[in-house]
Amino acid sequence: MNRFVCLIAVLFIFIVAACQPDDVKPDPVLIQSAPMASYSNAVLKTLKAPNDSLVYTPGSYSLVMQRLTYYTTLEDGTRVTASGVVYLPTQATGGQSMPLLGYQHPTAFSNTEVPSGYDYATPTFSYPIYFATHGYIVACPDYVGYGDASGIAHPYENRASLAHASVDMLRATKEWLQQRTDQANASQAGATKLWNGQLFLAGFSEGGYATLSAQQLIEQQYADQLPLTSTSCGSGPYAMASFFDYITHQTTPSAGVVNYLYVWQTMVYNKLYNGNKPLNYYFKSPYAEQLTTSLDSARSFTVSFDQLCTDQFRADVRNSTSTFGKALLTNDLTNWAAQGRTYLIHSDEDEVIPYFISQQTCARMQKQGASQISLVTLKKLKHVPSEVLFMRRSLELFESMKTKN
C-alpha cells in the first residue's frame, strides 16, 4: 500500500512539473484584424515632416496599416475589447525582418486623435510613419477610452490601464505577425520572419508615462514573451506623488488646457479610488460648481492649479495614508528598478510636467539598482515643442541598438 501511495505521489509530481506555466502557451489576445490603408513608396515620398529637426527619408519603403482588435483588462481585472493600428513597412527587395516598436501616443481629446481614428484616406506625416519608414514595425494602441473601447471613459494617467492596453497591443501584434509569417511560409518555403525579435518602446507625455508603465509590466510578467531591447520615455509624470505635490502646492506657469489636464486626472483618481467624493472636496468655489457642469470649464480657469485646490485636497496629497495619497502611490513608477536599457528624455524648461520629475525618477531607480537607466536633457524647450526633438533622439538611440540585416 505504501509503495502504491509513493507511486501515485511520484506520478502527481511528474504531471505537475510537466504542466508548469513556462510550458503553457500564452492566452491569445488578438480578436481580429482589418486593413486600414496602404501607402506606396511614391506616396510616402510626397509627405513632409512638420519640423526641420526630423529627417524624414522613406527610402524604398511602402507601408501597410492594419487595425487590430484585441482583449485587454482594466485595473480591476475587467476584460474589455480595445483597438490599435500596426504600421508594417515593406520593401521591394523583401526578405528583411525588422524590430517591433510600441508607440504610445500622447494625451488625446477625441477619437480622431488616436491611431485608429486617423484619416488614412488623406496621407499625412505622423510619428508612427516616421519610425516605420526607418525599418520598424510600429504597434500603436488607442488605449481604453478610445477606438473600440470608447464606451468607457478614458482613465487618464492610470498606470494599470495604460500598461495593459499597451502590452496587450504588443501581444496582439505579435500574434498577427505570426499569422502573416505562417501564411507566407505556407505559400513560400523558408519565408523570412517579419519580426527580428527586438522590441523598442517610445512615447511622449501621457505616452511617456504609458511607456514606462508598459516596461514595468513587461519586465514583471511578460519578459519571456516580449524581450525588451530599449525604451524611450518622454516627459511623463512618473513620480506621481511628487508631481501632485508640486502642482497642488506650487504656482504652475501655465493655465488653460493645463488646468484641464490636472483636473481631469484628479477626477479620474477620485472615481477609481476615492469613492466619487463631490468636487467641492477637491476644488474651491466657484470652480467646483463650474466643473460640476462641465470639465471643459477648466480650460477657462486662468489661475494656477494650486489656487483651485482646497486645503483638504492639498493635505491629502501629502498624506500617504489618505485615500488619494494611496492612489498616487499606486500610480507612482519610482518604486521599482527598470532592468533594461531605459532613457528618460525631458526638457529642462517643461512647463506642464516639470523636469525634476524625470530627474527624481532616474535617481530613485538608480538607487534601487537600475544600472541601465539614463536621463537625457533637452535644453530650453516647452512641453509641446520638445515632442519633436524627443522623437528624433529616440530614433537615434534605437538605431544605435538596431540589429542590421
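Here is a short chat about the strands and aromatic rings of this predicted model.

Visitor: How many bridges join strand E2 to strand E3?
Guide: E2 covers residues 61–73 and E3 covers residues 79–91, and the two run antiparallel. As a spot to look at, Leu-68 stands opposite Gly-84 in E3. The number of bridges joining E2 to E3 is 13.

Visitor: Which residue in the hairpin of E2 and E3 takes a positive phi?
Guide: Look at the hairpin, where 5 residues sit between the strands.

Visitor: What stands opposite Tyr-87 in E5?
Guide: Strand E5 takes in residues 137–141 and runs antiparallel to E3, with 4 bridges joining them. Opposite Tyr-87, you'll find Val-138.

Visitor: Is strand E4 buried or exposed?
Guide: E4 spans residues 98–104, and the cut-off for buried is under 20% relative accessible area.

Visitor: What hand does the β-α-β crossover from E4 to E5 have?
Guide: E4 and E5 run parallel, joined by 3 bridges, and Gly-102 has Ala-139 in E5 as its bridge partner. The chain gets from E4 to E5 through helix H3, residues 127–132. That crossover is right-handed.

Visitor: Which residue in E6 is the bridge partner of Gln-104?
Guide: E6 is residues 195–204, and it runs parallel to E4 with 6 bridges joining them. The E6 partner of Gln-104 is Gly-203.

Visitor: Is the aromatic pair of Phe-200 and Phe-398 stacked, edge-to-face or tilted?
Guide: The structure holds 30 aromatic pairs, and this is one of them, at 4.7 Å centre to centre. Stacked needs planes under 30 degrees apart and edge-to-face needs over 60. With 40° between the planes, the pair is tilted.

Visitor: How many residues apart in sequence are the parts that this pair ties together?
Guide: Phe-200 is buried at a relative accessible area of 0%, and Phe-398 is buried at 0% too. Phe-200 belongs to strand E6 and Phe-398 to helix H12 (residues 383–401), so the pair ties together parts whose separation in sequence is 198 residues.

Visitor: Which ring does the charged end of Lys-402 sit over?
Guide: For a charge over a ring, NZ of Lys or CZ of Arg must be within 6 Å of the ring centre. Arg-299 lies over the face of Phe-109, at 5.0 Å from the ring centre. For Lys-402, the charged end is 4.5 Å from the centre of the ring of Tyr-136.

Key:
Residues are numbered from 1 along each chain as its sequence is written. This is a predicted model: local features need pLDDT of at least 70, side-chain atom pairs count only at pLDDT 80 or more; totals for chains, interfaces and linings use all residues. Side-chain values use heavy atoms; hydrogens and water are left out. Two strands pair if DSSP finds at least two bridges between them. Buried means under 20% relative accessible area, exposed over 50%, partly exposed in between (1.4 Å probe, protein chains only). A crossover is right-handed if, with the strands pointing away from the viewer, the path from the first strand over the helix to the second runs clockwise. Rings of Phe, Tyr and Trp (its six-membered ring) pair if their centres lie within 6.5 Å; planes under 30 degrees apart count as stacked, over 60 as edge-to-face and the rest as tilted. A charge sits over a ring if NZ of Lys or CZ of Arg is within 6 Å of the ring centre and within 35 degrees of the ring normal.
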